[in-house]
Structure formats: structure tokens, C-alpha cells
Amino acid sequence: MAEAILPRARTWPRWSGWVLALGLFLVLRVAGKGLAPWAFDWPKAQTVPVARWISAFTKWLLNEASFGLFTFAELTRFIAAVIDFPYRIVLSLLATGFLKGQGSGAVQILPPLAWIAVIAVFALIGAWAGGRRLALLVAACFTFIAIFGQWQSAMVTLASILVAVPLGVAGGLMLGILAWRSPLFERLIRPVLDLMQTIPVFAYLVPILFLFGFGPTAAVVATLIYAMPPMTRVTQLALARVPGELADLGHMVGCTPRQMLWRVMVPSARDALMVGVNQVIMLSLNMVIIASMIGAGGLGFDVLAALRRLDFGAGLEAGFAIVALAVALDRLSHAAAARQAGSVQGGPVARHPYLAGALLTVLIAAILGLVAPAVQTYPAAWELSTGTFWSRVVEWINVNFFDFLEAIKNAVLLNLLIPFKRFLLGLPWVGVAGLLAFAGWRLGGWRLAVLTGSLTVLIAVAGLWEKAMITVYLCGISTAIAMLIGLPVGILAAERDRLWTVVRAVIDTLQTLPSFVYLMPAVMLFRVGDFTAMIAVVAFAVAPAIRYTVLGLKGVDPRLIEAGRAMGCTEGQILRRIRLRLALPEILLGLNQTIMFALSMLVITALVGTRDLGQEVYIALTKADPGRGLVAGLAVAFIAIIADRLIQAGARAARARLGLGEGAA
Amino acid sequence: MSKTKSKMFIRGLAVSALALTAGAAMAQESADPIKLTLHDWTGQLITTRLMGDILQQAGYNVEYVQADYLAQFAGLETGDLDVAMEMWETTGREAMDAATATGKVENFGPTGMKAKEEWWYPTYMKEKCPGLPNWEALKDAACAEAFSTAETAPKGRYLGGPVTWGGFDDERVEALDLPFEVIHAGTDAALFAELESAYQRQAPIMLWIYAPHWAPAKYEGEWVEFPEYTVECYNDPAWGSNPDMAYDCGKPFGEIWKVGWAGVKDKWPGAYAAIKAFTIDNDEMGAMITDVDLNGKTVEAVADEWMAANEGRWKGWIGQ
């Protein structure tokens, strides 16, 4: 990559290479159709049957793979049992009570925690971690769930989250630390992380169900696969950004490597690590819908069932119960991490007043619950519901504004979406592969060129070129729009704490509210098709665009801004020359995550009738064809990897050109 | 669901207590719960609840598991799940065939309900297209245009089911030379969201509707009458009005099957016989779906009513 960056004597200007490459590309595009039709459409007969190979391999893995003493499936079933154990305990505690026997023959030995007790315990955790305000917020979130009649389902969902999140955070942290310590491991794990985050869950759902059994455990495993990568990435980035002086100080006072890691590095990276924890919580809650499809039940099931009968109000209530859980858990984890431990003298009760309080509440509520059922289970008579209100709101908009909305939609479709789609679909795959390889070579050297070029060719060879281009078109436009919204909002919010609180609530909502909840009203107003899909993708992908921009801008050393001001910079100059530039690594990570999020929405967009790779994955699921699904899933991942590597290489090259040094990549 | 679940639990307790006596005959069979899958549409919830109630009356232990319609086959093959009460010929055939081919999943026979699927339009569209419901009216350019939108004009817009449902609508349009463009909805919820939207505005719409479902009960409309389906129509191009193409007719009626884990037969022979015997017809189901989705009754209440009204029938299935 060095040769692309080093300034050297040139007889041609820098951009001449690009002009040449684009020129060749254009010639191929215009003249190639007659001369070399295979460059546009990979001949069907030549398609490499990767799908069949993968199907055969999965079959072997499920039925025959063995380590001698036990089979692979037995190993995974064992892992499932290990995960299942804590899950059962939490579920019994929160939702079902402790049962003897199974199914309809089960007898309850102990009831679950009373709803009042659950609220009180979480409020006490809030008080312990962050004081009275947090306690009130958490109590309000849980009371909201109870009032809208979502208690039972919410506890089922909470149980799986309480198991998945600690596992995801611990696993992500470990992988992140390993990646930070060993560059080799980092290089090995990066493509794996990309695959974990970008292969749509539907693509590997069937094998997972076979391996881990049908039920909540498989859902937890799928959640872990999807939710862990951001934690790993953030950990690695955060550790790399800990100021060198701190590490030096640690060495000077004679820290062992272990002390160095856990006493110096991890605590000083805490703020950034919490972004990772936040992401694990958010993404776990994101999986609630898919988890409910494979036997986890809970709020996700309620959302799906409500939307199937077009009961928008019920869907929204269940959806916001998920958001309420997310907000409570996220704020609790933030506060718990930021809490300063103080020591108090006295007996066990005086030293642990909150723990004692929690135990006492649980006990009192349990006893009272025996006498007054209202204490044990939230009474149905007190439940509120928005009833048909939301359905009527949608109807009112539909009847009064449909023509107006239709006009906007048609304008966007005809002037932006369709031309761009036609343009991409008309490109020859040979040319695209060549161009991407050239970009890789200019930005990162021949290795990157080989990677981007060969991944592109692989997509074509697997016979997925057209669907891949539709994917690029949909996700590309959505990412661009998400960044156009996210960057300015992030810049505004980074400086204004009050605005940031509001914005954070909005993006937390967007990220955890199941997109189904707003997708079906969107279908009513915009019909099925690309436009509706785009709305859903943008709504979801705008969250990381904002979040990482704010993270980066807030992390800029205030002394540098002071220095800039002292030198007479205007606010605009400070923003452009200092803050944005120093925040570039985070903003680019944000762009990376925006693309990943957009791609992860493909499964949802398939549900409103797009014809992209997401649909291919969905079709494969319905035909019980794991090979076909995984190939389409891999194609999605390849697109993500190409975008990710080119962005990173471009950022490195840009930084080097600007003389910013290597920083944290 | 929250209320339903706790209620279900209490009811489960009561029923199993009642069933202790009745269950004596089944004592030699497994006491493990028979796991029935619940999907996300009302008809299936009712069918499953009826089957579960009947099995409990016969003294079996029953557990309901929420599962995706297609993903459930992974569970049915391994025996993690036992019974799925509604597998539609029209939408689940391929997944079902793939599963039964492994020998680990068994087809427990038809439920007695028939899936009706066809092109459907709201009654108010008859004004603009008076020849309906005869399909030949759709060939008229003015009629097709009445169903068009900006993207499809001058062709009519037909909203088909998700591609995963199959249905051969693209072929049908070509074979019958209809001036229509087929748009595929991605999911069944999207399909009905569009219908709801159009119906509220009394706007044109032509789409794929299936029954038993609440939609034909809620919205006033009719099925398009295509030449009646025969096996030859789909297999033999020479059949029908277009001598060169198959699919020049309407959609077939499809059975709705009961499927399950192949081990059920040996583990719970009595339950196996009861599940195989279970049948119900479209009209009964349609009425129950309407009660739940449009009249606001709970699935449990509707199931209880059916159990009370049909005691003779279900007692025969469990040999009492």
C-alpha cells in the first residue's frame, strides 16, 4: 500500500489512472454487449454449484460429523443444554414460576416473582447504580409494560435477553482483547466478524435449529452470533485509543500484563466499551422477532401476530414494550459501569442496603401475593390499551393524504431509484470486478485488489449477479440517505447535551422498535416495493450514523479545540479542521456500521417484495435449502466486506495524505 | 398473549385434573408433553387449540410452542416438536416434501379444510369493470386500466402473494394474455395491508386472497372466475384456451395437511390415532376465525364453544 501513498515524481497526474480505468469500463459497457455477452450475464450453464456443495456439507455436519467419542450434533446439543440451564432459571423466576413436570401436566411449585417485586428490584438496581432519577426512569419503563398488558410476554423476552447479553458482552470483550493483543488474530477474526454480522440470520437458521434444538436456546445462539461483533470491534478500537501515557504509567508502576489489562486499559476505555455493551443490548432486542419465530415466544410473537391481523395498535404496544426494556437495560448498564465504588462500614445489611431492600421486597410481595392476587399478577382490569386508535390514525392519513404521498413516492422512484437501479443492472460484472480491483489497488495495494476483485467475481460465478446489484442499489441509496441525515444530526447533538438526550431516545427507539411495526403502515401508504423497503432500511441504519458521529466528536480532546480557538479559528473551521478530522476514525466506523445495518435489514425488505439477495435467502428458507440460503448470505457478506475494506483503505490513504499519522484504524 | 397464556395454564391444570380418570386407559403411553406448534395466524391457532383440548381430554400432556411455519420442520425432524396442525398444500408443499423425504416427518392426513386461493377484487370495482367476475372481462383494456397504477399503467396491477407461495401467476397472465403486471408482496401481512389501504379509499385493487381467512368476511368482494383448474391444465400445454401454454386456468384448491414427527406413532399411539382422525370443514373454521378476528372473542373462548357443541364428534376421535 505504501507505493500508492508515497509522493514521487510523476509524469502523469494522480487521477490519470482513474480516467484510464473508467474509460476502459465505459468502452466495455457500451461496446461489450454485442462482443462479449458473457461479461454482462454469467452464463447459467456455467454457474458453479456452490449451493449444492454447501447443502451436502451441512447434511454431513448434522448427521455424520464426529469427534470419535461424540458427534458434532451431540456437542452442540450439549452447549445448548449449558445455555438452557440459566435460561430456565431466569424464565421460571420471571415468567412461569418453578414447575414440576412438563406441558399441561406441570404443577407450579413456586410462583414467579410478583410484578411489583420485579419493578421494585429493578428500581433498586437503578437507585444503587445511578440514584433516584434512574430508579424512577426504570420503574416507569416497567410500569409502562405492565399497564399496557405486556407483562407476561415481556418477562419471557427479558429472560432470554438477560442470558444473551452477558454472554455476548463477555465473548465480545475477550475476542476484542485478543484481537488488540495479536495482529494475526485480528486479521483472522475480522472476516469472521463481518460474516457474523452480515449473513442474514435466515440463511443459517435451519442448520442452527438442527444443531441446537428448536426453542429459546437456538434463539439465544442466533442472537449471540448477530450481536457480538460490534462489541468485539468497539473493544479493539477502544483499547487502541487509550492514551500511550497511561500505558507508560502502568509500566512504570510495575503492572503485570494482567493488571495492565484489567486495571489500566479496560477501565480507561470504559466509556467506549459501554457503546459496545449498548450495541449488544440493542441488537439482542433486535433479534426478538426472529427469536420468536423459533420458539422463544414473548413480545416478538405478539408483534407478528398483531401485524398479521393489521392491528397496528397492538403491534405498537408490544413494540414499545421492547423499546421500554431496551431503554431500562441500557441506562442501567451505563450507570452501573460509571458508578464509583465507595466503602461503607457496618454489618451486612448496612453494607448492602440495596440488596437487603430487594430481598425484603421480593419476600413481602410474595407473601402479600398469596392474599391479594393483584400483587402477584397485574390485574387485567387495570390494563390500558390504545385499542383501534392507531389503526384509525393510519386510516385517516391514508384517506386524506394518500395522493400526496403517492406523488412524492413516484417522484423519488422515477427520478432517483429507478434510474440508479437501471444503471447498476446494466453494468457488466467483468467491468465492475475490474474497477473494484483497481480501486483496491490504488487505495490499498495489490492484496486488496485481489480481495475485492475475486469476491466480486465469486458473486457473479455463483449466479447471483442481478440480485446482488439490486442489493447494492437498495442498500447504497439507503446508506447515503442515512449518512446525509446522521452526520448533521450527530454534529448538532454532540455539542448539546439536552438535544443528545432526545436524539438518543429516538435512535434507541428506531433501533429496537421492530421494523414490522412501522413497515405495515408504510405498506398501506406507499404500497409494497422498493420505496417502502428504503424507508425501513434508512430508519434502522440512521442510528449508527448518528451514534458514532457523536461518539467521535465527544471524544475529541477539548484542549485541541481550545488551542484552535486561541489561534482565532471560527466555529466552522474548528468543526471542519479539528473536530471532524479527529473524529474521522469513529465516523468511518459509523459509516461501516451503517452499511452493515443496512445489509442486515435485507431480510426485512424481502418481506415487502424486493427482489434482492434477502429474497433469495428467504426463498431458500421456505424451500428448506440451506446451501442456497448460505450462498446468498455469503454474497451479502462479500458486498459488506468489499465496502468495508475499501472504506478503511481509503481512510488510511486520506489520513496519510493529510499527514495525520496512523492513529487508530 | 399474556392473558391467554396464564389462562391457558390454569385451564390446562383444570383439564388435566379432569382427565386423570379418563387418562387411565392411556397410562402405558408416554407422559411427556406432546408439543404442538403455534403460528401467527388465527385459523391455525384455533385448529391447534382444538387439537390440544381434545388430546387433553384424552388424558395426554400437551405443550404449545410458538414456531415459524417453515422453520418448524427443523424441529419436527428431530422430535423437538411433535405436531403441526396446518400445512397448506399451496404454500408449504415443498418444505413438507423435503421433510417427509427424510423419513423423520410424517403426513398425518388432511384436516378436511381446503385452501381456496384466487384473484380477488372488492365489489366496488364491478362498476368500473362490469364483466366481472368472468375472467374474460380482464382482457378488456379499459378494465385493466382501471386496476392500474402509475408504475404499471396502462397495464393493470395484480398484487400476487410472496414468491415463496408459488402460484404461477406470471405464467397465468402470459397464458391467458391478460394485460396485467404481477407484483409480488413479500409477506402475507403486506398483502392485507395493501387491501386495507385500498378498501379505505375505495381505490382499485386486484390481489391474491386465500380462505379460510378473515379478509373475505371483512371486505365485500368476489373471486375472479377463471376456467376451472384441472391437473391437465397445469401439465399439458394443449389443454384450455391457449394451445401453447400451461396454466391457462384458475388455481387449484389445496388440502391443508396435518404433519408431525414420525416418532409420534410409537410414543403416543392413542394420540396419533386422534390426530389422524381430526377433521373440520371450511365453514366451521371461517365462522370461528370471524368470531376471533372481527368480533373480538378470544381463541380459547371460541375453542371452548366448539368443544361444547361438538362433543359427540371429538369423543369419537379419541375412542370414547
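In chain B, the C-alpha centres of domain 1 and domain 2 lie 33 Å apart. Domain 1 of chain B is made of two segments, 2-111 and 255-317, and domain 2 of chain B covers 115-235; domain bounds here come from an automatic or database domain assignment. This is a predicted model, in which local features need pLDDT of at least 70 and side-chain atom pairs count only at pLDDT 80 or more, while totals for chains, interfaces and linings use all residues. Residues are numbered from 1 along each chain as its sequence is written, and chains are lettered from A and ligands numbered from 1 in the order in which they are written.

Staying with the two domains of chain B, the contact takes 14 residues from domain 1 and nine residues from domain 2. Two residues are in contact if their C-beta atoms, placed from the backbone, lie within 7 Å. On the side of domain 1 of chain B that touches domain 2 of chain B, α2, α4 and α12 (282-293) of chain B each supply at least two residues. Helices are DSSP runs of H or I with at least four residues, strands are runs of E with at least two, and both are numbered from the N terminus. Which helix gives the most to that side of domain 1 of chain B? α12(B) does, with six residues. By class, that side of domain 1 of chain B divides into five nonpolar, seven polar and two charged residues. For the classes, Ala, Val, Leu, Ile, Met, Phe, Trp, Tyr, Cys and Pro count as nonpolar, Asp, Glu, Lys and Arg as charged, and the others, Gly among them, as polar.

Next, the strands of chain B. Strand β4(B), residues 105-122, runs antiparallel to strand β9(B), residues 254-261, and six bridges join them. Two strands pair if DSSP finds at least two bridges between them. Within that pair, K114(B) has E255(B) in β9(B) as its bridge partner. β4(B) is also joined to strand β7(B), residues 207-211, by five bridges, again antiparallel. There, E117(B) has Y210(B) as its bridge partner. With strand β8(B), residues 221-223, β4(B) pairs in the antiparallel sense over three bridges. Y121(B) stands opposite E222(B) in that strand.

Now the interface between the chains. The contact takes 53 residues from chain B and 52 residues from chain A. On the chain B side, the elements that give two or more residues are α1 (2-22), α2 (42-57), β2 (62-66), α3 (72-78), α4 (89-101), β6 (180-184) and α7 (188-201). α7(B) gives the most to that side, with 10 residues. The residues of the chain B side divide into 24 nonpolar, 16 polar and 13 charged.

On to chain A, where the domain assignment gives domain 1 (427-461) and domain 2 (465-665). Taken over C-alpha atoms, 23 Å separate the centres of these two domains of chain A. Their contact takes 14 residues from domain 1 of chain A and 11 residues from domain 2 of chain A. On the domain 1 side, α21 (429-444) and α22 (446-461) of chain A are the elements that give two or more residues. The largest share of that side, eight residues, comes from α22(A). How many residues of that domain 1 side are charged? There are no charged residues on it, and the rest are 10 nonpolar and four polar.

Last, two helix pairs in chain A. The axes of α9(A), residues 201-212, and α10(A), residues 216-241, come within 10 Å and cross at roughly 135°. Axes are lines fitted to C-alpha atoms, for helices over the stretch in contact, and angles run from 0 to 180 degrees between N-to-C directions. α9(A) and α10(A) are therefore oblique to each other; angles under 35 degrees count as roughly parallel, over 145 as roughly antiparallel, 65 to 115 as roughly perpendicular and the rest as oblique. Their crossing is right-handed; a crossing is left-handed if the near helix is turned anticlockwise from the far one by less than a right angle, and right-handed if clockwise. Among the residues making this contact are V201(A) and F212(A) of α9(A), and T217(A) and Y226(A) of α10(A).

In the second pair, the axes of α16(A), residues 312-338, and α25(A), residues 515-526, come within 9 Å and cross at roughly 155°. That makes α16(A) roughly antiparallel to α25(A). The crossing of α16(A) and α25(A) is left-handed.
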